[in-house]
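Subject: Structure handover

Hello,

I am passing a structure on to you, with notes on what was found in it. Please look through the sequence and the coordinates before you read the rest.

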Amino acid sequence: MKRAIPVVVLSIAGLVPVWLYQPSSGTSTAQATTTAPSTSSSGTSGTNVVTTTTIDTEKGPVQLQVTFDGTKITAVKLLQQPDHPQTTAAVPKLIAETLEAQSADIDTVSGATITSDAYKESLQAAIDDNAKAASASPSASASEASSQTVDGSALSTEKGPVQVQVTFSGTKITAVKMLQQPNHPQTTAAVPVLVAETLEAQSADIDTVSGATITSEAYKESLQAAIDARG
């Protein structure tokens with residue numbers, strides 16, 4: 001059964017950081033091996049919460065959840081820790097040093113060496129995972145920024161309205177969607193041909209589809225308007 005969650009407040013460099021400390025009960029184990037910590041993460045905007053895999057020590061399991069604001073460590077929570085008085089006393093010190101140092105380069109707590117080492121290893125894994133997520137974000141943002149969807153002008157023809165919506169990746173046309181088109185079998189057959197030619201030509205300089213001349217001309221005009229409107 002989990003213990004109640006005490007809130008520990010320490011004054012560090014004039015600031016008063018508050019961290020969550022929620023030990024999970026762990027039982028002693030005869031295992032002396034430590035599994036390499038892989039990590040999983042989830043986050044939105046500049047906040048990233050990283051949960052590490054469990055490290056099994058001879059004293060019991062150690063698992064962290066670290067919250068980052070960008071690259072800054074804002075909170076550390078023990079999801080699992082050895083059920084031992086020395087560990088209970090050591091954890092607040094380890095978290096306080098982490099928030100001050102902003103790294104895993106912190107001192108081992110005397111009397112809780114095994115827990116301290118597992119904590120630092122798990123913390124470093126979380127820091128590495130956050131750095132990878134941060135380095136990947138600009139690329140994703142750049143890709144999203146370069147993608148643009150533009151509606152072409154709506155044209156009225158004797159067959160019916162025609163309007164296209166064009167998606168660009170940079171300057172490349174990646175998709176064309178008909179927002180409006182005449183309800184006519186020849187138009188229905190012509191549209192896939194017009195779209196295929198557009199994607200190949202990457203312009204409005206395409207052939208008119210035989211039997212759907214009016215729709216084709218309106219399609220090309222709406223397409224050109226979208227190309228011209230692209231930022």
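The model is predicted. The protein has four helices and 11 strands. It has 231 residues, of which 37% count as buried. Its accessible surface is about 12200 Å², and carbon and sulfur atoms hold 51% of that. Among contacts with a separation of 6 or more, 43% are between residues 24 or more positions apart.

Buried positions

V66 sits in strand β6, which covers residues 61-69. V66 counts as buried because its relative accessibility is 0%, under the 20% cut-off. Leaving out residues up to four places away in sequence, V66 touches N48, V49, V50, I73, A75, V76, L123 and A126.

T98 belongs to helix α1. T98 also has a relative accessibility of 0% and so counts as buried. With residues up to four places away in sequence set aside, T98 is in contact with I73, V76, S103, I106, Y119 and L123. I73, V76 and L123 are on the contact list of V66 and on that of T98.

S122 is part of helix α2, residues 113-146. The relative accessible area of S122 is 0%, so this serine is buried. Apart from residues up to four places away in sequence, S122 touches T52, T53, I55 and L64.

Loop positions

H84 is in the loop between β7 (72-80) and α1 (85-101). H84 is partly exposed, at 29% relative accessibility. Along the chain, H84 and A112 are 28 residues apart, while their C-alpha atoms are separated by 9.4 Å.

Two glutamines in loops have a positive phi. Q102, in the loop between α1 and α2, has a phi near 55°, a positive value in a residue other than glycine. Q102 has a relative accessible area of 29%, so it counts as partly exposed. Q202 lies in the loop between α3 and α4. Phi of Q202 is near 60°, again positive in a residue that is not glycine. At 30% relative accessible area, Q202 is partly exposed.

The α3 and α4 pair

How do the axes of α3 and α4 cross? Helix α3 covers residues 185-201 and helix α4 residues 213-229; their axes come within 10 Å and cross at roughly 40°. That angle makes α3 oblique to α4, because angles under 35 degrees count as roughly parallel and 65 to 115 as roughly perpendicular. The crossing is right-handed.

Which residues make the contact? On the α3 side they are T187, L194, V195 and T198, and on the α4 side T215, S216, Y219 and L223. By type, the residues of this contact divide into four nonpolar, four polar and no charged.

Regards

How values were computed:
Residues are numbered from 1 along each chain as its sequence is written. This is a predicted model: local features need pLDDT of at least 70, side-chain atom pairs count only at pLDDT 80 or more; totals for chains, interfaces and linings use all residues. Side-chain values use heavy atoms; hydrogens and water are left out. Axes are lines fitted to C-alpha atoms, for helices over the stretch in contact, and angles run from 0 to 180 degrees between N-to-C directions. Angles under 35 degrees count as roughly parallel, over 145 as roughly antiparallel, 65 to 115 as roughly perpendicular and the rest as oblique. A crossing is left-handed if the near helix is turned anticlockwise from the far one by less than a right angle, and right-handed if clockwise. Contact means heavy atoms within 4.5 Å. Ala, Val, Leu, Ile, Met, Phe, Trp, Tyr, Cys and Pro count as nonpolar, Asp, Glu, Lys and Arg as charged, and the others, Gly among them, as polar. Buried means under 20% relative accessible area, exposed over 50%, partly exposed in between (1.4 Å probe, protein chains only). Accessible areas come from the Shrake-Rupley method with a 1.4 Å probe; for residues, only the protein chains shown count as cover.
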